[in-house]
Amino acid sequence: MIPNDRQIHIQLFISRPDGITWEDVSDYVSFIEVELGDVSRIGTGLSGVDGVARQLTFRLIDDSNNFSPTDQTSPWNQFDGEYAPLLYPYREVQLKAAVTAPGGTPSTWTTLFHGYLGDEISVEGRTASCLCRDLSKRLQDCYIEETRQYGSAE
């Protein structure tokens, strides 16, 4: 049972190009939504595996610095002394959540989403909006480079 009197905490992390370092952008989140996908019509009509991929939509606002990937002077776009945009296709994204009593400090975090940036990254002023897909994005974005036949007539 989920208590009515609770506080929900979130953490949003975006990976850096080294694949090891993560930036915590939780303090800049103004909107966040996770879509779990719809499995009710798999294999019917035009639906397919793309229809069941989890998606994450979020908006970030930083009044001091610009999240725009094209702003080479923004601290968000510097890594190891080089220009490396934080909001860039195929950067990993993780959303974690915890529930506590009001004023409580989270001790256990649950990962609600793990995926990749790149389906949409747009910036208007100091607000950046992103649409991400779960880890299936890499597979869904792959192209068949070599024609092969699998299986047999039986």
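Before I start, a word on how to read the values: residues are numbered from 1 along each chain as its sequence is written, and side-chain values use heavy atoms, with hydrogens and water left out. Since the model is predicted, local features need pLDDT of at least 70 and side-chain atom pairs count only at pLDDT 80 or more, while totals for chains, interfaces and linings use all residues.

Let me begin with the overall picture. The secondary structure of the protein chain comes to 1 helix and 9 strands, where helices (H or I, at least four residues) and strands (E, at least two) are DSSP runs numbered from the N terminus. Read along the sequence, the pattern is β-β-β-β-β-β-β-β-β-α. Of the 154 residues in the chain, 30% are buried; buried here means under 20% relative accessible area, exposed means over 50%, and partly exposed lies in between, with a 1.4 Å probe and protein chains only. If we take the contacts (heavy atoms within 4.5 Å) with a separation of 6 or more, 57% of them are between residues 24 or more positions apart.

Now to the strands, where I would like to start from S7, which covers residues 92–100 and is mostly covered, with 7 of its 9 residues buried. Two strands are said to pair if DSSP finds at least two bridges between them.

Moving on from S8, we find strand S9, residues 127–134, which pairs with S8 in the antiparallel sense over 7 bridges, with serine 122 opposite serine 129. S8 and S9 form a hairpin with 2 residues between them, and glycine 125 in the turn has a positive phi of about 65 degrees.

Which residues form the stacked aromatic pair? A search of the whole structure finds 4 aromatic pairs, and phenylalanine 67 and tryptophan 76 make one that is stacked, at 4.7 Å centre to centre and 20 degrees between the planes. For the term itself, rings of Phe, Tyr and Trp (its six-membered ring) pair if their centres lie within 6.5 Å, and planes under 30 degrees apart count as stacked, over 60 as edge-to-face and the rest as tilted. Phenylalanine 67 is buried at a relative accessible area of 1%, and tryptophan 76 is buried at 10%. Ring pairs also link Tyr28 with Phe67 and Trp76 into a cluster.

Is alanine 84 buried or exposed? Alanine 84 counts as buried because its relative accessibility is 10%. Leaving aside residues up to four places away in sequence, alanine 84 touches Arg16, Pro17, Trp76, Asn77, Gln78, Phe79 and Arg91. Alanine 84 and threonine 70 are 14 residues apart in sequence, and their C-alpha atoms are 9.8 Å apart in space.
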